Amino acid sequence: MDLGSILHTIFNFENYGELLALVQNSILAGAVLGLLGGLIGTFVMKRDLAFAVHGISELSFAGASFALLIGADIIFGSLAGSVAAALLLGLMGVRARDKNSIIGVIMPFGLGLGILFLALYQGRAANKFGLLTGQIVSVDTVQLQVLAGTAVVVMLALAAIWRPLSFASVDPEMAEARGVPVRGLAIAFMVLLGVSVALSIQIVGALLVLALLITPAAAALRVTTSPRLVVLLSVVFAITATVGGILLALGSRIPISPYVTTLSFLIYVVCRIIGNVRANRGINGRIVRPGAAMGQAAEDQAVAG
Amino acid sequence: MDRGIFLTPVVSLRGAGLQFGQRALWKDLDVDIQAGEFFAVLGPNGSGKTSFLKVLLGLQQLHSGTVTVAGHPVERGSRKIGYIPQQKSFAPDTPLRARDLVSLGVDGHRWGLRIKAKAVNERVDALLDLVGASDYARVPVGQLSGGEQQRLRVAQALAAEPELLLCDEPLLSLDLHHQQAVSSLINRQCHERNSAVVFVTHEINPVIDYVDRVLYLAGGRFRVGTPEEVMTTEVLSELYNSRVEVIRANGRIVVVGLPDATTHYHDDAHAGVEEGH
């Protein structure tokens, strides 16, 4: 295979219009998952749960492959696996260090179980591969409805706990003193995260879930610290990656995940560069008053008052 | 404190005791704290100063006795209470600007999404102005100095216009300039806006001009009174059960010959000077 034909395999836009009509459901599903991933991702970053997402996705993979093996619904299987993992982490890992070691223990176990179930499975090989690397081309209307319905429920739940969850995520001791149920919110969020992981696996696969749940939010945090803007950018980045990935993957026979993850990665790199340039220029939003040392005038005023 | 007879005290403890296992931190504590009173809680490490605050916050149950805040039993997350914690640095990349930290104090405890953003923003602006933090309102908290962060903590605590302001070593690790700025802000809330202040500290000198009464905890015993009554050679020697010398110089209080804070109170006095006890 020469470079030209490799490129042709990766980027193939023949009969694009006809294909586009066929994958309308997939594009909608991608948009829904991008929206969900962008929203959940901001809290994943605030709560420092990137590693947990990875651990949850491996158990979700185990659940999905078990469902595939016994002929049950794959979405249900991956939901069961990821919610179980998320609850386990939510209930057990109180301290960050504990949490990381528990995840490190769970992750290979889940992956091993998944490989066992797939090895036992006698069906189509594409089904197996799809669980790990993602497949979205074949989303039918019923699947889309289930996906969108579940995503809406998760987003409504997230909206309901948005403010106290933000408080508990960035300033936990103060939140506790204010009477915010910090521990209950942590467990509630883990459940929402588990469901989101299970849904995202449908599109990017278990191995690449981080590209949907972490990278967009991490990229957004590189360029802004305004809470609203972080959420907005994170959602825009995630939808760009998923929908853009599907559109690019359309004509080729390659799974969509490399397209999604590459878009996601490129967005992150650009944001990172922008963030570094700003930091080097010392732009951080501080108003420097001429003729006074930084903040000195205001401080003296406060002391005098 | 004669007016206390006529007014409901903001904080009222009766026969209050706290112990962990067999070790009694303090017991039979009766104290009323009035609106507009600056009440300092002093004592060595492990004497139960912070636990005293946790009792008022509803995060720690009393072992015996009762406690009320504004006439009601304490409840977690009371809006009548503002809380200023010890300065603890944020990671440099924490996704939170100064104004966002303050806004958590305004509506962070409420369920749902923020609907009335304008009202919250105006309140946050006013609070930032009050503590002189307007110039760095949009700076990420992780990039602020410890003193700047503590000003924001004051603004955050004042958001609910608390009747009771609880301060847990808020000046720790601040330079002198910021110590003065932050303690003056707390004093204003106390004596101009009539909040009761409970100020836990191991160092009385930065707030010596503001303190109305002192609760000194040491060795399972305590003493309540004005600084003049409590911060004396006789009282502290009795509390520590060893010879402690209190010297006053230029309006400051120096305590000499204090037993090592972490050892038992009946140990012989260690040679050493510690300011402010």
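Predicted model: local features only at pLDDT ≥ 70, side-chain atom pairs only at ≥ 80, totals over all residues.
Reader: Where does A:Ala218 sit, and what is it in contact with beyond its neighbours within four places in sequence?

Author: A:Ala218 belongs to helix H13 of chain A, which covers residues 215-223. Setting aside the neighbours within four places in sequence, its contacts are A:Met45 and A:Tyr268. A:Thr42 is 176 residues apart from A:Ala218 along the chain, yet their C-alpha atoms are separated by 7.7 Å.

Reader: Let me step back to chain A. How many helices and strands are there?

Author: Chain A has 16 helices and zero strands. Its C-alpha trace spans about 80 × 45 × 30 Å along the principal axes. Of its 305 residues, 49% count as buried. Among the chain A contacts with a separation of 6 or more, 76% join residues 24 or more positions apart.

Reader: Now for pairs of helices. How do I read their packing?

Author: Two packed helices are described by the angle between their axes and the distance between the axes. In chain A, helix H3 (residues 24-46) packs with helix H11 (residues 182-204) at an angle of about 145 degrees, and their axes are 10 Å apart. The crossing of H3(A) and H11(A) is left-handed. Residues making the contact include A:Gly30, A:Leu33 and A:Gly37 of H3(A), together with A:Leu192, A:Ser196 and A:Leu199 of H11(A). The contact of H3(A) with H11(A) divides into 11 nonpolar residues, four polar and no charged.

Reader: Let us turn to chain B. In what order do the strands of its open sheet of six run?

Author: First, the general idea. Strands of a sheet pair through backbone hydrogen bonds, either parallel or antiparallel. The chain B sheet has the order E6-E7-E8-E3-E9-E10, with mixed pairing. Strands E6 (81-84) and E10 (221-225) of chain B stand at the edges with a single partner strand each, so one side of each has no neighbour in the sheet. From one strand to the next, the twist averages 15 degrees.

Reader: Which pair of strands could I look at, and what packs on the sheet?

Author: Look at E3 (residues 38-42) and E8 (residues 196-200) of chain B, which pair in the parallel sense over four bridges. There, B:Phe38 has B:Val197 in E8(B) as its bridge partner. Helix H1 (residues 49-57) of chain B packs on the sheet, touching E3, E6, E7, E8 and E9 of chain B, and its direction makes about 145 degrees with that of E8(B). Helix H4 (residues 146-158) of chain B lies across E6 and E7 of chain B, at about 170 degrees to E6(B).

Reader: Finally, how many residues of chain B are in contact with chain A?

Author: The contact involves 37 residues of chain B and 36 residues of chain A. On the chain B side, the elements giving two or more residues are helix H2 (98-107) and helix H5 (176-191) of chain B. H5(B) supplies the largest share, six residues. The chain B side that touches chain A divides into 16 nonpolar, 10 polar and 11 charged residues.

Technical notes:
Residues numbered from 1 in each chain as written. Chains lettered and ligands numbered in written order. Contact = placed C-beta atoms within 7 Å. Buried ≥ 20, exposed ≤ 12 C-beta atoms within 10 Å, placed from the backbone. Pairing = 2+ DSSP bridges. Axes fitted to C-alpha atoms, helices over the stretch in contact; angles between N-to-C directions. Left-handed = near helix turned anticlockwise from the far one by under 90°. Nonpolar A, V, L, I, M, F, W, Y, C, P; charged D, E, K, R; others polar.
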